[in-house]
Amino acid sequence: MPSVRRQLAAVTAVLALSVTGGAVTSPAFADPREIKKEAMATGYGGAVSTVDPEASAAAIEVLRDGGNAADAAVAAAATLGVTEPYSAGVGGGGYFVFYDAKSGKVGTIDGRETAPATMPTTAFVNPATGVLYTFAELVSSGVSVGVPGTPATWERALERWGTLDLDEALEPAIKVADRGFVVDETFRQQTLDNKVRFSAFTSTSGLFLPGGDAPAVGSVFQSPDLAETYRLLAKKGTDAFYGGQLATEIAATVKDPPKDPAWVPPVTVPPTSIPALPGYLTTADLAAYRTLDQEPTHVEYRGYDVYGMAPSSSGGTTVGEALNILAPFNLREMTEPDGKNPGALHHYLEATALAFADRAKYLGDPAFVDVPTEALTNPLFGKERACAIDPKQAATPKPVAAGDVSGFDGVCPVAPAAAADEKDTENISTTNLTVADKWGNVVEYTLTIEQTGGSGIVVPGRGFLLNNELTDFSYTSTNPEDPNRIEPGKRPRSSMSPTIILKDEKPFLALGSPGGSTIITTVLQTILNRVDLGMGILDSLAAPRASQRNTPNVTAEQGFIDQYGKSLASYGHTLVLAGDAFTSAAEIGAATAIEFGPGKSMTAVAEPLRRGGGSAMVVNPSP
């Protein structure tokens with residue numbers, strides 16, 4: 001196979017695209033210009049879906065040059081680090097799921113961030129007062145920064161399944177970082193949403209707030225420092241990230257965040273405070289970081305084999321358990337004459353409440369907690385939990401009780417275990433990508449820096465934001481029985497849910513989403529739409545969403561409230577608007593997916609509208 005790096009090095013212009021029906025057309029490289037996004041593309045020879053056309057184009061280029069799905073996924077992820085820096089990048093972590101067409105097996109990589117070895121269980125408590133720091137104080141601080149896992153994930157994915165070296169896979173992203181990309185409304189709005197805290201750090205404001213303002217829509221944003229960081233990794237591998245001068249600079253940034261001494265907090269109620277607390281990450285923590293090869297979770301649902309991410313992610317177990325809870329019900333028959341499905345959606349909402357109750361009680365890093373993964377994904381346990389669903393009425397009060405994994409037989413229990421009341425601090429940002437190649441290999445990869453903008457701290461001169469993943473630990477917990485309490489070296493619980501579904505041992509659907517804890521419900525609702533309610537894959541992904549995470553209210557998009565608010569109220573559900581109507585937080589997720597059809601055809605789909613819309617592409621479009 002020709003070297004992708006050599007192929008791309010011969011191209012003297014830089015990346016931009018013309019898109020026709022989801023296909024990349026000549027020229028593959030040109031001056032930056034606005035690119036039309038396509039939400040769906042059908043064809044052959046490989047496919048990709050991401051939130052960004054630059055990243056999708058990088059993957060397509062690799063696939064066209066003979067690279068496989070793992071190669072293309074790394075290329076796309078690295079490019080997202082350039083164009084989606086507030087959601088992903090080398091300062092974060094994630095989970096990589098791979099279907100190997102040759103073996104017919106699904107494998108995974110846990111690239112989740114870890115807590116530093118010296119981080120105390122009281123890290124969220126102000127030692128001077130004995131009172132918890134506010135969440136806002138922790139997010140924009142060194143305390144929230146975990147040891148990044150993304151560079152190690154890329155390297156491990158290429159070692160296990162790829163055909164390219166890391167330097168070749170990084171080449172498309174380096175080109176985009178050098179010549180820049182066109183700023184859209186989403187990028188500008190996310191910058192403005194973070195303007196206060198970005199302005200508190202000299203390295204961050206210098207990169208993302210040129211002249212004191214967010215980059216204008218239509219302007220070209222360049223990332224020369226990030227290009228140099230990628231070149232360093234291309235030349236020396238990830239040893240240059242987890243050791244050497246870069247590791248020293250990362251640790252120093254966490255220990256002493258570069259807060260602007262002239263920063264003045266804006267007048268707000270409550271008052272804005274960014275003390276830029278020092279964190280615990282050291283060069284020794286970086287040197288000790290390792291990804292984990294893991295077996296996937298697996299459940300059977302309606303004749304499909306559903307594979308997901310095992311703990312430290314809660315995605316695979318919670319999606320899997322919810323599917324097992326729904327399995328006894330014929331959801332398709334609940335469709336009403338007007339075509340709406342309030343009955344099926346009621347069952348969906350109740351199933352996720354039950355699954356989230358068990359998530360809160362049992363899920364944590366399996367290196368520290370005895371997670372009952374087999375029990376949680378056992379169909380008999382799901383059937384037993386389904387007994388708690390009243391087909392006509394939502395359970396009250398919520399949170400509902402967790403189930404008992406110590407003994408179950410599929411028979412309705414007399415009494416449940418104690419209720420678990422959990423405040424979820426996992427944020428809505430993150431990004432997801434889906435890739436398939438002509439050989440039938442498939443990647444589902446979710447990666448993140450947690451909050452939109454992560455910790456808000458750019459490593460000076462390196463061009464990337466550090467994560468705030470450690471705020472995914474239980475915020476207020478001092479309970480040693482809490483499976484997600486802070487502990488040194490531990491991986492915080494995640495909701496990332498990259499999912500690959502097989503039918504008759506062949507890929508049927510791969511999907512995933514960003515969205516914090518709503519990732520789980522987005523993936524589950526999309527499966528429900530496609531498998532149970534008979535929607536096409538684009539409609540399944542685009543349909544308005546709601547998320548019940550074992551809380552008194554159901555958070556929902558406005559479109560869902562408009563369509564189902566009254567009918568679901570009759571079941572006892574109270575729907576409230578997700579996030580803030582004036583920001584992208586009112587949108588739940590920004591999913592990507594590929595569905596596999598007859599004769600090796602593939603349909604890639606992306607969000608038509610959420611977060612500005614995504615980008616679906618195929619190597620060879622159908623006529």
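Analyst: Helix 14 and helix 17 are oblique to each other. Helices here are DSSP runs of H or I with at least four residues, strands are runs of E with at least two, and both are numbered from the N terminus. The model is a predicted one, in which local features need pLDDT of at least 70, side-chain atom pairs count only at pLDDT 80 or more, and totals for chains, interfaces and linings use all residues. Residues are numbered from 1 along each chain as its sequence is written, and side-chain values use heavy atoms, with hydrogens and water left out.

User: Why are helix 14 and helix 17 called oblique?

Analyst: Their axes cross at roughly 60° and come within 7 Å. Axes are lines fitted to C-alpha atoms, for helices over the stretch in contact, and angles run from 0 to 180 degrees between N-to-C directions. Angles under 35 degrees count as roughly parallel, over 145 as roughly antiparallel, 65 to 115 as roughly perpendicular and the rest as oblique. Helix 14 and helix 17 are therefore oblique.

User: Which residues of helix 14 and helix 17 meet?

Analyst: Glu321, Asn324 and Ile325 of helix 14 meet residues of helix 17 including Pro379, Phe381 and Arg385. Contact means heavy atoms within 4.5 Å.

User: What makes the pair Cys387 and Cys412 a disulfide?

Analyst: The sulfur atoms of Cys387 and Cys412 are 2.0 Å apart, and a disulfide is a pair of cysteine sulfur atoms within 2.5 Å. A search of the whole structure finds one disulfide. Both cysteines lie in the loop between helix 17 (379–386) and strand 11 (431–437), so the pair ties together parts that are 25 residues apart in sequence.

User: Why is Cys412 called partly exposed?

Analyst: Cys412 has a relative accessible area of 48%. Buried means under 20% relative accessible area, exposed over 50%, and partly exposed in between (1.4 Å probe, protein chains only). Cys412 is therefore partly exposed, and Cys387, at 29%, is also partly exposed.

User: Is Lys600 buried or exposed, and where is it found?

Analyst: At 66% relative accessibility, Lys600 counts as exposed. Lys600 is found in the loop between strand 18 (592–596) and strand 19 (602–606). Phi of Lys600 is near 65°, a positive value in a residue other than glycine.
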